[in-house]
Structures are given as C-alpha cells and as structure tokens.
Amino acid sequence: MSVMDSMQSPVDTRRALPEPRAVLTLLKPITWFPPIWAYLCGIVSVGANPLDAWGLVLLGMVLAGPIVCGMSQAANDWCDREVDAINEPDRPIPSGRVPGRWGLWIALAMSGLALVVGWQLGPWGFGATILGVLAAWAYSAEPVRLKRSGIAGPGLVGLSYESLPWFTGAAVLSAGAPAPEIVTVALLYGVGAHGIMTLNDFKALEGDRQMGVNSLPVTLGPERAARVAAWVMILPQIAVFTLLAGWGQGWHAAAIAVLILGQLWAATVMMQDPKAKAPWFNGTGVAMYVSGMMIAAFALRGLGGL
C-alpha cells in the first residue's frame, strides 16, 4: 500500500487550497530547534569559527530546521492523519485546513528542496541530507513505518535529530570526516534522544493504541515507559561525562554531571504522575539535556587537534 493510497484523509474537501497559517502549523516550527542546535554543536566541536563560513552555517541551519525537519513533520502528519483525527482533530490535515492531498504534496516538494539545498553543502552535507530525507519517510510512511515500533521509531528520530546534524555541522565546516571523539559523543546524544521521543509519544497514547502504533507508552504503560525514557536519556550522558573526564576536560565533565543530577531530580517529579507530568519533564529535562550537548561540544573543541 502506497503513501498516497494507504488512508483516506478525514478532511473537509470543500476547501481547495490550504490556509497559509495551517501550513506553518503543519511544519511545526517548535520542532526545528533540536536539529539546528545539534548542527551548531557540530560546528563548535570542530573548533571552526562560524564567521569564517557564515554562509555554510546559515544554510545548514535552514536545511536542518525549516526544510528537513519541517518536511519530516509534514510527512508525519500526512501519514498520521487518521491517528490525529482521534488525538488532535484540530490538526491542519484532519481539520480540513490543509485539504485533500496537499499535506503529501508539501512533504514531497520539501523533500526535493532539501536535496537541492543539501547539494550546496558539498558531498558530506548532501550525503547527510539524503539520509535525513530517507529517515523521515521510513519513520512515517508505509510499508516501512518504523513509527509502529517503540524501539526503532524513537531511535531513528533521535539519531536524525541529534547525531546526524551534529555530524553534518562538523563535517561541512571541517570539509572532511569528523574525528572519532566527535562521532562518539554525537552518537551518544542521539541514542539518549530516544528517551525524549518516547516522552513525546505520551500525548498520542490513546490514538496510538487504537491505530496499532506500538509506542513504549502503549506497550509498557505510562509508568514503565517514563522510567525507561528517563534512563535512556541519562545513561548516554553518564558515558559522555566519563569520556570527557578521561580526556582531561574535567570542568566540562563536572558541568554535565550537574545537569545529569538535575534530570534525575526532574525524573523523580515525573514519576509521581507519569502520564500528566511527561510533557513537563520533556521540557525541563530536555532543556538540561541540550545544554549538556553544547557543553560537550566546547569540551571537544578544547581538546584541539582532533
């Protein structure tokens, strides 16, 4: 079953064109921050001066956030329109503000735009863009639809939102493959982001259950899923702390340790009522998580000669 024919969109077909504001909502600007931040972490981690290549920096930020991440949100909303009709019927597609197959056309057009822009970033940037576009469709679209898995789905998104743009920023600004230390730290933060994505699944719990999406909140229940998500976030950060301490970056490691303790405290608050407080932790804990990413990037920059 194809992306186009897999489901009939439950929309008001009387509207011919999408509302401009609904298109912006479809692209979910609030989700653009993580890949943009990770791209900047990659730039910092290689010790590059952003002002020396401000064009590549700006182009990469636009590519990582509005274009690739925005495209992935449009593709996900199109493929999730029946789930959204249950969970969030006021979303652009089920509400009819983005009618017919406009959601699909927008996602496909932005996929093409991503490849055109990615080409401008050289072979490393273009290769990363191809991976990002493929990952977005593999997550949402039939027949692959990795979103159905509470393990593979959040894992793919975590790597795509954190590891891939971090690697891209480092590779584009250094015009070559990043050092193993950079790749290792980027991968660890991508793995930890699995927990962030799991917490994000709490808001779609009922619709996912009805539509057969086996997210961890569905398969494990809210309490166990929240506990797993918190530890999946924290354990990779402990590994980053250990590595930085071993590389002689004691102050940076200490700062990350403080942030880990803060997340452990936030996790204890969340566990008082996981279903209600998961969104709170997904703001409070994530803020500390991404702060640690930039601290780690500066630590890698401080190593020098990577």
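**Figure 1. Gln73 and the residues it touches.** Gln73 is in contact with Leu26, Leu27, Lys28, Thr31 and Tyr161, leaving aside its neighbours within four places in sequence. Contact here means heavy atoms within 4.5 Å. The model is predicted: local features need pLDDT of at least 70, side-chain atom pairs count only at pLDDT 80 or more, and totals for chains, interfaces and linings use all residues. Residues are numbered from 1 along each chain as its sequence is written, and side-chain values use heavy atoms, with hydrogens and water left out. Gln73 sits in helix H3. Helices (H or I, at least four residues) and strands (E, at least two) are DSSP runs, numbered from the N terminus. Is Gln73 buried or exposed? Its relative accessibility is 8%, and Gln73 counts as buried. Buried means under 20% relative accessible area, exposed means over 50%, and partly exposed lies in between (1.4 Å probe, protein chains only).

**Figure 2. The salt bridge between Lys28 and Asp77.** The side chains of Lys28 and Asp77 meet in a salt bridge, 3.2 Å from N to O. A salt bridge is a side-chain nitrogen of Lys or Arg within 4 Å of a carboxyl oxygen of Asp or Glu. Lys28 lies in the loop between helix H1 (20-27) and helix H2 (33-45), and Asp77 lies in helix H3 (residues 54-79), so the pair ties together parts that are 49 residues apart in sequence. Asp77 is buried, with a relative accessible area of 2%. Lys28 also has a phi near 45°, a positive value in a residue other than glycine. Most residues other than glycine have a negative phi.

Figure 3. Which residue forms a salt bridge with Asp77, with the closest N and O atoms 2.4 Å apart? Arg91 does. This pair links distant parts of the chain, 14 residues apart: Arg91 is in the loop between helix H4 (81-87) and helix H5 (92-95), and Asp77 is in helix H3. Arg91 is buried, at a relative accessible area of 10%. Lys28, Asp77 and Arg91 are linked in a network of salt bridges. A search of the whole structure finds six salt bridges.

Figure 4. A cis peptide bond joins Glu142 and Pro143, with omega about 5°. Most peptide bonds are trans. Where is Pro143 found? Pro143 is in the loop between helix H7 (122-140) and helix H8 (152-174). Glu142 also forms a salt bridge with Arg148, 2.8 Å from N to O between the side chains. Glu142 counts as partly exposed, at 29% relative accessibility. Arg148 counts as partly exposed too, at 31%.

**Figure 5. Ala175 and its positive phi.** Ala175 has a positive phi of about 55°, although it is not a glycine. Ala175 lies in the loop between H8 and helix H9 (180-200). Its relative accessibility is 67%, and Ala175 counts as exposed.

**Figure 6. Pro217 and its surroundings.** Pro217 has its place in helix H11 (residues 216-220). Pro217 counts as buried, at 0% relative accessibility. Which residues does Pro217 touch, not counting those up to four places away in sequence? They are Thr198, Asp201, Phe202, Leu205, Pro222 and Ala225. Pro217 and Pro274 are 57 residues apart in sequence and 9.9 Å apart in space, C-alpha to C-alpha.

**Figure 7. The whole chain, for context.** The chain has 14 helices and zero strands. Its radius of gyration is 19 Å, close to the 19 Å that the globule rule gives for 306 residues, so the chain is as compact as a globular protein of that length. The radius is taken over C-alpha atoms, and the rule is 2.2 Å times the number of residues to the power 0.38. Along its principal axes, the C-alpha trace spans about 60 × 50 × 30 Å. Of the 306 residues, 52% count as buried. Residues 24 or more positions apart account for 76% of the contacts with a separation of 6 or more.
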